[in-house]
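Let's take a guided walk through this protein together. Have the sequence and the 3D view ready as you read.

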Amino acid sequence: MLECFFSNKYAGRSDLFEGLSIWAEEKYRELQGAFPVIYLTFANVRAMNYLDMEYKLTKVIADLFEQNRYLLKGDLLSSNEREYYKGIKPGMEARVASDAVQSMANFMQRYYGKDVIILLDEYDTPMQEAWLNGYWDEAVFFLGDFFNSTFKTNRYLCRGMITGITRISK
(Lines give C-alpha, C1' and ligand atoms only; values in the text may rest on other atoms or scores of the structure.)
Protein backbone atom coordinates (compact mmCIF):
# COMPACT_ATOMS: atom_id res chain seq x y z
CA MET A 1 0.00 0.00 0.00
CA LEU A 2 2.84 2.39 0.77
CA GLU A 3 4.33 1.80 -2.66
CA CYS A 4 0.99 2.57 -4.31
CA PHE A 5 0.53 5.67 -2.18
CA PHE A 6 3.94 7.27 -2.69
CA SER A 7 5.13 5.93 -6.07
CA ASN A 8 4.99 8.20 -9.08
CA LYS A 9 3.97 5.07 -11.03
CA TYR A 10 0.58 5.48 -9.33
CA ALA A 11 0.29 9.25 -9.75
CA GLY A 12 -3.30 10.32 -10.25
CA ARG A 13 -4.71 7.14 -8.72
CA SER A 14 -6.79 8.84 -6.05
CA ASP A 15 -9.37 6.09 -6.58
CA LEU A 16 -7.09 3.78 -4.55
CA PHE A 17 -7.35 5.99 -1.46
CA GLU A 18 -10.68 7.83 -1.63
CA GLY A 19 -12.79 7.04 1.38
CA LEU A 20 -9.75 6.28 3.56
CA SER A 21 -8.80 8.52 6.48
CA ILE A 22 -5.54 9.58 4.86
CA TRP A 23 -7.42 11.08 1.92
CA ALA A 24 -9.25 13.52 4.21
CA GLU A 25 -6.06 15.57 4.70
CA GLU A 26 -4.97 17.80 1.82
CA LYS A 27 -1.31 17.66 2.87
CA TYR A 28 -1.35 13.86 2.42
CA ARG A 29 -3.21 13.96 -0.89
CA GLU A 30 -0.35 16.07 -2.26
CA LEU A 31 2.10 13.26 -1.44
CA GLN A 32 0.20 10.57 -3.35
CA GLY A 33 2.13 9.54 -6.44
CA ALA A 34 4.82 12.13 -5.85
CA PHE A 35 8.01 10.08 -5.36
CA PRO A 36 10.25 7.60 -7.11
CA VAL A 37 9.98 4.45 -4.99
CA ILE A 38 12.21 1.41 -4.67
CA TYR A 39 10.33 -1.54 -3.25
CA LEU A 40 12.19 -4.70 -2.29
CA THR A 41 11.09 -7.81 -0.45
CA PHE A 42 13.35 -10.44 1.05
CA ALA A 43 10.39 -12.80 1.62
CA ASN A 44 11.85 -15.47 -0.68
CA VAL A 45 15.42 -15.19 0.60
CA ARG A 46 15.42 -18.49 2.45
CA ALA A 47 18.57 -20.56 2.22
CA MET A 48 20.37 -23.38 3.98
CA ASN A 49 23.80 -21.79 3.40
CA TYR A 50 25.41 -18.40 2.88
CA LEU A 51 26.16 -18.76 -0.83
CA ASP A 52 22.52 -19.57 -1.62
CA MET A 53 21.38 -16.63 0.51
CA GLU A 54 23.80 -14.30 -1.25
CA TYR A 55 22.59 -15.50 -4.65
CA LYS A 56 18.94 -14.93 -3.73
CA LEU A 57 19.69 -11.43 -2.44
CA THR A 58 21.57 -10.57 -5.62
CA LYS A 59 18.59 -11.85 -7.61
CA VAL A 60 16.26 -9.44 -5.77
CA ILE A 61 18.63 -6.57 -6.55
CA ALA A 62 19.07 -7.64 -10.19
CA ASP A 63 15.29 -7.75 -10.59
CA LEU A 64 15.12 -4.14 -9.35
CA PHE A 65 17.58 -3.08 -12.05
CA GLU A 66 15.67 -5.05 -14.68
CA GLN A 67 12.42 -3.30 -13.72
CA ASN A 68 14.08 0.08 -14.21
CA ARG A 69 15.82 -0.47 -17.56
CA TYR A 70 14.23 2.75 -18.84
CA LEU A 71 17.13 4.48 -17.05
CA LEU A 72 19.46 3.16 -19.75
CA LYS A 73 17.65 5.19 -22.43
CA GLY A 74 18.98 8.62 -23.24
CA ASP A 75 22.15 10.04 -21.77
CA LEU A 76 21.35 10.06 -18.04
CA LEU A 77 24.05 7.48 -17.30
CA SER A 78 27.69 7.83 -18.21
CA SER A 79 29.40 5.01 -20.09
CA ASN A 80 30.90 3.75 -16.81
CA GLU A 81 27.48 3.82 -15.14
CA ARG A 82 25.95 1.94 -18.08
CA GLU A 83 28.64 -0.73 -17.78
CA TYR A 84 28.03 -0.93 -14.02
CA TYR A 85 24.25 -1.14 -14.56
CA LYS A 86 24.62 -4.00 -17.03
CA GLY A 87 26.87 -5.84 -14.55
CA ILE A 88 24.10 -6.03 -11.95
CA LYS A 89 22.90 -9.63 -12.21
CA PRO A 90 22.13 -12.63 -10.03
CA GLY A 91 25.33 -13.99 -8.54
CA MET A 92 27.22 -10.68 -8.70
CA GLU A 93 29.91 -10.16 -6.10
CA ALA A 94 28.62 -9.24 -2.64
CA ARG A 95 30.70 -6.05 -2.59
CA VAL A 96 28.88 -4.88 -5.74
CA ALA A 97 25.45 -5.97 -4.48
CA SER A 98 25.82 -4.22 -1.12
CA ASP A 99 25.99 -0.79 -2.84
CA ALA A 100 23.66 -1.45 -5.77
CA VAL A 101 20.44 -0.10 -4.23
CA GLN A 102 22.18 3.16 -3.37
CA SER A 103 23.33 3.35 -6.99
CA MET A 104 19.77 2.77 -8.19
CA ALA A 105 18.57 5.53 -5.85
CA ASN A 106 21.20 7.82 -7.39
CA PHE A 107 20.04 7.01 -10.93
CA MET A 108 16.36 7.46 -10.05
CA GLN A 109 17.02 10.70 -8.18
CA ARG A 110 18.76 12.15 -11.22
CA TYR A 111 16.04 10.90 -13.59
CA TYR A 112 13.11 12.25 -11.55
CA GLY A 113 14.87 15.16 -9.83
CA LYS A 114 13.57 14.00 -6.48
CA ASP A 115 15.00 11.90 -3.65
CA VAL A 116 13.80 8.31 -3.44
CA ILE A 117 11.66 6.43 -0.95
CA ILE A 118 12.97 2.91 -0.26
CA LEU A 119 10.64 0.26 1.15
CA LEU A 120 12.13 -3.04 2.33
CA ASP A 121 9.75 -5.79 3.35
CA GLU A 122 10.82 -8.84 5.37
CA TYR A 123 14.34 -7.53 5.90
CA ASP A 124 14.85 -10.12 8.61
CA THR A 125 13.99 -13.27 6.65
CA PRO A 126 17.59 -13.83 5.52
CA MET A 127 18.84 -13.01 9.03
CA GLN A 128 16.51 -15.51 10.62
CA GLU A 129 17.55 -18.15 8.08
CA ALA A 130 21.22 -17.39 8.76
CA TRP A 131 20.70 -17.83 12.49
CA LEU A 132 18.81 -21.09 12.10
CA ASN A 133 21.22 -22.56 9.54
CA GLY A 134 24.59 -21.55 11.01
CA TYR A 135 25.91 -18.82 8.73
CA TRP A 136 25.04 -15.83 10.90
CA ASP A 137 28.46 -14.13 10.85
CA GLU A 138 28.72 -14.14 7.05
CA ALA A 139 25.15 -12.92 6.63
CA VAL A 140 25.51 -10.11 9.18
CA PHE A 141 28.64 -8.84 7.44
CA PHE A 142 26.91 -8.64 4.04
CA LEU A 143 23.60 -7.34 5.36
CA GLY A 144 25.33 -4.76 7.56
CA ASP A 145 27.05 -3.31 4.50
CA PHE A 146 23.80 -3.47 2.52
CA PHE A 147 21.73 -1.69 5.21
CA ASN A 148 24.43 0.93 5.75
CA SER A 149 24.67 1.76 2.05
CA THR A 150 20.94 1.56 1.35
CA PHE A 151 19.62 3.44 4.37
CA LYS A 152 22.25 5.03 6.62
CA THR A 153 24.64 6.70 4.18
CA ASN A 154 22.39 7.02 1.14
CA ARG A 155 22.28 10.71 0.24
CA TYR A 156 19.58 10.04 -2.40
CA LEU A 157 17.14 8.70 0.20
CA CYS A 158 14.13 10.82 1.12
CA ARG A 159 12.62 8.27 3.49
CA GLY A 160 12.95 4.57 4.12
CA MET A 161 10.80 1.96 5.76
CA ILE A 162 11.86 -1.48 6.85
CA THR A 163 9.40 -4.14 7.96
CA GLY A 164 10.08 -7.58 9.35
CA ILE A 165 8.45 -10.87 10.18
CA THR A 166 10.15 -11.80 13.44
CA ARG A 167 7.85 -11.64 16.41
CA ILE A 168 9.15 -9.59 19.29
CA SER A 169 7.45 -10.27 22.60
CA LYS A 170 7.44 -7.86 25.53
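What follows goes from the overall build to the sheet, and then to one residue in a loop.

Please keep in mind that you are looking at a predicted model. The protein holds seven helices and three strands. Reading from the N terminus, the elements come in the order α-α-β-α-α-α-β-α-α-β. The radius of gyration is 17 Å, close to the 15 Å that the globule rule gives for 170 residues, so the protein is as compact as a globular protein of that length. Along the principal axes, the C-alpha atoms fill a box of roughly 50 × 50 × 25 Å.

Of the 170 residues, 40% are buried. The accessible surface of the protein comes to about 9900 Å², and carbon and sulfur atoms account for 51% of that area. If you consider contacts between residues at least 6 apart in sequence, 71% of them join residues at least 24 apart.

In what order do the three strands of the open sheet lie? Their order is 1-2-3, and the pairing is parallel. Strand 1 (37–41) and strand 3 (157–162) stand at the edges, and each has a single partner strand, so one side of each is left without a neighbour in the sheet. From one strand to the next, the twist averages 10°.

Strand 1 pairs with strand 2 (residues 116–121) in the parallel sense, over five bridges. Within this pairing, V37 stands opposite I117 in strand 2.

Finally, let's zoom in on N8. This residue sits in the loop between helix 1 (2–6) and helix 2 (26–29). For a sense of distance across the fold, compare N8 with R159: they are 151 residues apart along the chain, and their C-alpha atoms are separated by 15 Å.

Terms used:
Residues are numbered from 1 along each chain as its sequence is written. This is a predicted model: local features need pLDDT of at least 70, side-chain atom pairs count only at pLDDT 80 or more; totals for chains, interfaces and linings use all residues. Side-chain values use heavy atoms; hydrogens and water are left out. Two strands pair if DSSP finds at least two bridges between them. Helices (H or I, at least four residues) and strands (E, at least two) are DSSP runs, numbered from the N terminus. Axes are lines fitted to C-alpha atoms, for helices over the stretch in contact, and angles run from 0 to 180 degrees between N-to-C directions. The radius of gyration is taken over C-alpha atoms; the globule rule is 2.2 Å times the number of residues to the power 0.38. Buried means under 20% relative accessible area, exposed over 50%, partly exposed in between (1.4 Å probe, protein chains only). Contact means heavy atoms within 4.5 Å. Accessible areas come from the Shrake-Rupley method with a 1.4 Å probe; for residues, only the protein chains shown count as cover.
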